[in-house]
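Take a look at the model below. We will go through its core, one of its helices and a set of its aromatic rings.

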Amino acid sequence: MVEMNVYSGAMAFGGLLSLADIILTWNLARIVEKVRIGREKLSWLILLGGLITAIGFIPPVLSEEGQLIVWALILGPVLIGYVLSESGLVRTTLEMLLQVAVVVFSLVFKGGDYLATAQIFSAVSVILLMNAVAFYINSPSRVSWISRAAAWLFAFFILLNAWKHGTIYLSCLYLFSQLLWLYALVKLHFVARQRLPRNAQEGL
C-alpha cells in the first residue's frame, strides 16, 4: 500500500513536470513560428494537443468510462504531429520510429484494453515533443543528446511500467526522463535568446 502511494505521488509530480515541458515546447514552437512566418498560426494547437495529452497521465480521469476520453487522447498526438510537421520542428527519423515502436509494443502487456490503447497515444505525443527538441536544427549537440536520452528513457518507462505497473523504481525513471526534457528545454530557451531576433523573444 505504501509503495503504491509513493508510486502515485511520483507519477503525479511527473505529470506536473510533463505539463511544464509541454508548455515550454509550445513556447519554443511559438517563437520559431513567429520568426519564420512573422506571426503565430499553428503553435497554439501544440498547447491544445499537449493539454489533451496530459489527460492520459491522470489516473482518476482514465478511470471514467466513456468514449470521449479515448477520442480526446487520440486527437492530442494528431494535433501535435501535424503542427510539428508543418512548423519544421521535427522530422521523422529511424530513432523516433524505434521509440514509438517500443511504446506501442507495451500493449502486449496490456491485453488490448481500450483505455490502455488511448494512453499509448498520449505517450506517443510526448515522444514527438521530445524529438522536436532533440532534432530541431538549432539545438546544440549537447541539448539534442539530452533530449534523445529523455525520449529513450520515457519509451522504456512506458514499456516496463506496462510489464510491472506500480514499481517505485519505474516511477523514478519517468521522473528522470521528464527532468532531462525540462533541462533541455530550458537550455534551448537560452539558445533562442542568443540566436533569434529580439522581437521574437518578447514572450520569453
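Which residues of the largest nonpolar core touch the most other members? Before the reply, the ground rules. This is a predicted model, in which local features need pLDDT of at least 70 and side-chain atom pairs count only at pLDDT 80 or more, while totals for chains, interfaces and linings use all residues. Residues are numbered from 1 along each chain as its sequence is written, and side-chain values use heavy atoms, with hydrogens and water left out.

The residues are Val 103, Phe 154 and Trp 181, in a core of 43 residues. A nonpolar core here is a set of buried Ala, Val, Leu, Ile, Met, Phe, Trp, Tyr and Cys residues joined through side-chain atoms within 4.5 Å. Buried means under 20% relative accessible area, exposed over 50%, partly exposed in between (1.4 Å probe, protein chains only). Helices H1 (2–37), H2 (43–55), H4 (67–87), H5, H6 (114–134), H7 and H8 each give two or more residues to this core. H6 gives the most, with 10 residues. Helices are DSSP runs (H or I, at least four residues), numbered from the N terminus.

Start with Val 103. Leaving out residues up to four places away in sequence, Val 103 touches Ile 120, Ala 123, Val 124, Ile 127, Ala 155 and Ile 158. Contact means heavy atoms within 4.5 Å.

Val 103 is one of the buried residues of H5, along with Glu 95, Met 96, Gln 99 and Val 102. Seen down the axis of H5, the buried residues fall within an arc of 115 degrees, so they line one face of the helix. The arc is that of the directions from the helix axis to the C-beta atoms.

Now turn to Phe 154. Phe 154 and Phe 157 both lie in helix H7 (residues 141–163), three residues apart, about one turn of the helix. Phe 154 counts as buried because its relative accessibility is 0%. Phe 157 counts as buried too, at 1%. Phe 154 also forms a tilted aromatic pair with Tyr 174: 6.2 Å centre to centre, 45 degrees between the planes. Rings of Phe, Tyr and Trp (its six-membered ring) pair if their centres lie within 6.5 Å; planes under 30 degrees apart count as stacked, over 60 as edge-to-face and the rest as tilted.

Tyr 174 lies in helix H8 (residues 168–195) and Phe 154 in H7, so this pair ties together parts that are 20 residues apart in sequence. Both Phe 154 and Tyr 174 are buried. Ring pairs link Phe 154, Phe 157 and Tyr 174 into a cluster.
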